Amino acid sequence: IMIPPLPCVRQNYHPHCEAAINYQINLELYASSLYLSMASYFDSHEVALKHFSQFFLRKSSQEWKHAERLMWLQNQRGGLHNQRDIRRPYLSHWNSSLGVMKCALHVAISVNQSLLDLHELATEKKDTHLYASLDRHYLREQVKSIRDLQDLISSLRKWRSLEARLTDDLCAKRTLGDSDKK
């Protein structure tokens, strides 16, 4: 009696999708590392902005969970996770909260674009499981994350503008004072 080989878990899983998921896993881990670095920056005694630190700790955790979920998906589909070295965050000290937020927005947009590319690849390869998983677990959350960062940047710009105007008014009053009466 001939025993048929065990069925392979891998079905309708194109090697390009597997490679793209490995790339996305590494990108999510990089974003997690960068956000953790940002949390540390805001938590330092020089900056001491606890709420910003907590915000970036949550973002780091979310990105880590995204990577874990993609690893699980890779295993479920019969793929192999090929983890590369995660790059060290390219900037570990920033000059301002606004600079940190702009950097975070840039990373969030990059992660989102990579997800959109993966989504397009899943469509092209007719991988409905991957397509649906990206829709359900990633794309909506990523759009919300980008919006949250854009809102924070707008708020910081408004506060910075207000601070500059108040500083100018105070400086004028203190230095020029009653010069118009002379």
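Modeller: A helix axis here is a line fitted to the C-alpha atoms over the stretch in contact, and angles between N-to-C directions run from 0 to 180 degrees. Helices are DSSP runs (H or I, at least four residues), numbered from the N terminus. The model is predicted, so local features need pLDDT of at least 70 and side-chain atom pairs pLDDT 80 or more, while totals for chains, interfaces and linings use all residues. Residues are numbered from 1 along each chain as its sequence is written, and side-chain values use heavy atoms, without hydrogens and water.

Colleague: What makes α1 and α2 roughly antiparallel?

Modeller: The axes of α1 and α2 cross at roughly 165° and come within 8 Å. Over 145 degrees counts as roughly antiparallel, under 35 as roughly parallel, 65 to 115 as roughly perpendicular and the rest as oblique. α1 and α2 are therefore roughly antiparallel. Their crossing is left-handed, that is, the near helix is turned anticlockwise from the far one by less than a right angle (clockwise would be right-handed). The contact of α1 with α2 has 17 nonpolar, seven polar and five charged residues. Contact means heavy atoms within 4.5 Å. Ala, Val, Leu, Ile, Met, Phe, Trp, Tyr, Cys and Pro count as nonpolar, Asp, Glu, Lys and Arg as charged, and the others, Gly among them, as polar.

Colleague: At what angle do α1 and α3 pack?

Modeller: Helix α1 (residues 15-43) packs against α3 at about 165°, with the axes 10 Å apart. That angle makes α1 roughly antiparallel to α3. The crossing of α1 and α3 is left-handed, and their contact divides into 21 nonpolar, five polar and one charged residues.

Colleague: Why is α2 called roughly parallel to α3?

Modeller: α2 and helix α3 (residues 97-124) pack at about 15°, with axes 13 Å apart, which makes α2 roughly parallel to α3. The crossing of α2 and α3 is also left-handed. Phe 52, Phe 56 and Glu 63 of α2 meet Val 100, Met 101, Ala 104 and Val 111 of α3. By class, this contact has six nonpolar, no polar and one charged residues.

Colleague: What lines the largest pocket?

Modeller: A pocket is an open set of points on a 1 Å grid where a 1.4 Å probe fits, with protein on both sides within 12 Å along at least five of seven lines; lining residues have an atom within 4 Å of a point. The lining of the largest pocket includes Tyr 23, Tyr 30, Arg 84, Asp 85 and Arg 87. Its classes are five nonpolar, three polar and three charged.

Colleague: Which helices supply the lining of the second largest pocket?

Modeller: α2 (50-76) and α4 (128-176) each supply at least two of its residues. Among the lining residues are Arg 58, Lys 59, Glu 141, Lys 144 and Asp 148. The lining has one nonpolar, two polar and five charged residues.
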